[in-house]
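Colleague: I have a model open and want to learn how to read its features. Can you walk me through them?

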Amino acid sequence: MTREEKSIAIEDLTAQLAGTNIIYVSDISGLNAETTSNLRRACFKAGIKLEVVKNTLLAKAMEASANDYGDLPSVLTGNSAIFISDVANAPGKIIKDFRKKSAKPLLKGAYINSEIYIGDDQLDALATIKSKEELLGELIGLLQSPAQRIISALQNKFAGEEAATEEA
């Protein structure tokens with residue numbers, strides 16, 4: 001790779017990092033072609049971009065980015081692949097699902113909404129993070145619940161008054 005090609009690759013990676021707040025870094029080395037293809041297919045269906053990257057180029061892109069990746073560049077050893085997603089828990093769920101059948105992919109680290117997660121032991125926590133949509137749904141449900149109780153109580157009261165009026 002020439003210096004110019006490396007520069008272009010770093011710019012592309014920096015642009016990709018700037019466009020998201022959710023990045024998982026994993027090790028997918030040792031996966032056979034069929035398993036890798038299945039992983040890519042699952043990522044595509046979930047709206048996740050999976051890309052194998054050179055560690056030095058990714059580290060330089062992280063340096064050039066406006067985001068603070070903290071200690072995340074320290075995990076960039078060996079083979080690395082990045083999962084870029086709009087849903088915080090989606091890559092974690094896919095990695096966890098694939099780990100039922102094989103030892104890889106291994107989670108090296110993740111950057112989710114300015115939070116840094118380092119190590120494969122964080123996978124369970126990352127897979128269970130609630131998405132923005134799930135949190136909004138819960139919040140709306142909580143906000144609607146008191147209003148529904150009031151409406152129900154008023155309807156029961158009016159129904160009881162109507163029944164009493166009809167009896168009289």
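**Salt bridges, strands and a helix**

Modeller: Start with a charged pair: the side chains of K96 and D124 meet in a salt bridge, 3.0 Å from N to O. K96 sits in helix 4 and D124 in helix 5, so this pair ties together parts 28 residues apart in sequence. Keep in mind that this is a predicted model.

Colleague: Are K96 and D124 buried or partly exposed?

Modeller: K96 is partly exposed, at 35% relative accessibility. D124 is partly exposed too, with a relative accessible area of 46%.

Colleague: How many salt bridges does a search of the whole structure find?

Modeller: Five. One of them joins K104 and D27, with the closest N and O atoms 3.4 Å apart. That pair links distant parts of the chain: K104 is in the loop between helix 4 and strand 4, D27 is in strand 1, and 77 residues separate them. D27 counts as buried, because its relative accessibility is 14% and the cut-off for buried is under 20%.

Colleague: What does R99 meet in a salt bridge?

Modeller: The side chain of D120, at 2.8 Å from N to O. R99 belongs to helix 4 and D120 to the loop between strand 5 and helix 5, so the pair ties together parts 21 residues apart in sequence. R99 is partly exposed at 26% relative accessible area. D120 is partly exposed at 27%.

Colleague: Now strands. How do I read the side chains along one?

Modeller: In a regular strand, side chains alternate between the two faces of the sheet. Take strand 1, residues 22–27. I22, Y24 and S26 point one way, while I23, V25 and D27 point the other way.

Colleague: In which sense does strand 1 pair with strand 4, and over how many bridges?

Modeller: Antiparallel, over six bridges. S26 stands opposite L107 of strand 4, and D27 has L106 as its bridge partner there. Strand 1 also runs antiparallel to strand 3, joined by four bridges. On that side, I23 has I84 as its bridge partner.

Colleague: What else does strand 4 pair with?

Modeller: Strand 5, residues 115–118, in the antiparallel sense over four bridges. G109 has I118 of strand 5 as its bridge partner. Strands 4 and 5 form a hairpin with two residues between them. In the turn, N113 has a positive phi of about 45°.

Colleague: Why is strand 4 described as largely enclosed by the rest of the structure?

Modeller: Because six of its seven residues are buried.

Colleague: And helices?

Modeller: An α-helix has 3.6 residues a turn, so residues three or four places apart point the same way. In helix 4, residues 90–99, the buried residues are A90, P91, G92, I94, I95 and F98. Their cover includes strand 1, helix 2, strand 3, strand 4 and helix 5.

Colleague: Which residues make a nonpolar surface patch?

Modeller: L136, L139, I140 and L143 make one of about 390 Å². I140 is found in helix 6, residues 132–167. I140 is partly exposed, with a relative accessible area of 46%.

Terms used. Residues numbered from 1 in each chain as written. Predicted model: local features only at pLDDT ≥ 70, side-chain atom pairs only at ≥ 80, totals over all residues. Heavy atoms only, no water. Buried < 20%, exposed > 50% of the residue type's maximum accessible area, 1.4 Å probe, protein only. Contact = heavy atoms within 4.5 Å. Pairing = 2+ DSSP bridges. Patch = residues over 30% accessible without salt bridge, like charges linked within 9 Å, V, L, I, M, F, W, Y side chains within 5 Å. Areas by Shrake-Rupley, 256 points an atom, 1.4 Å probe, with all protein chains shown as cover. Salt bridge = Lys/Arg side-chain N within 4 Å of Asp/Glu carboxyl O.
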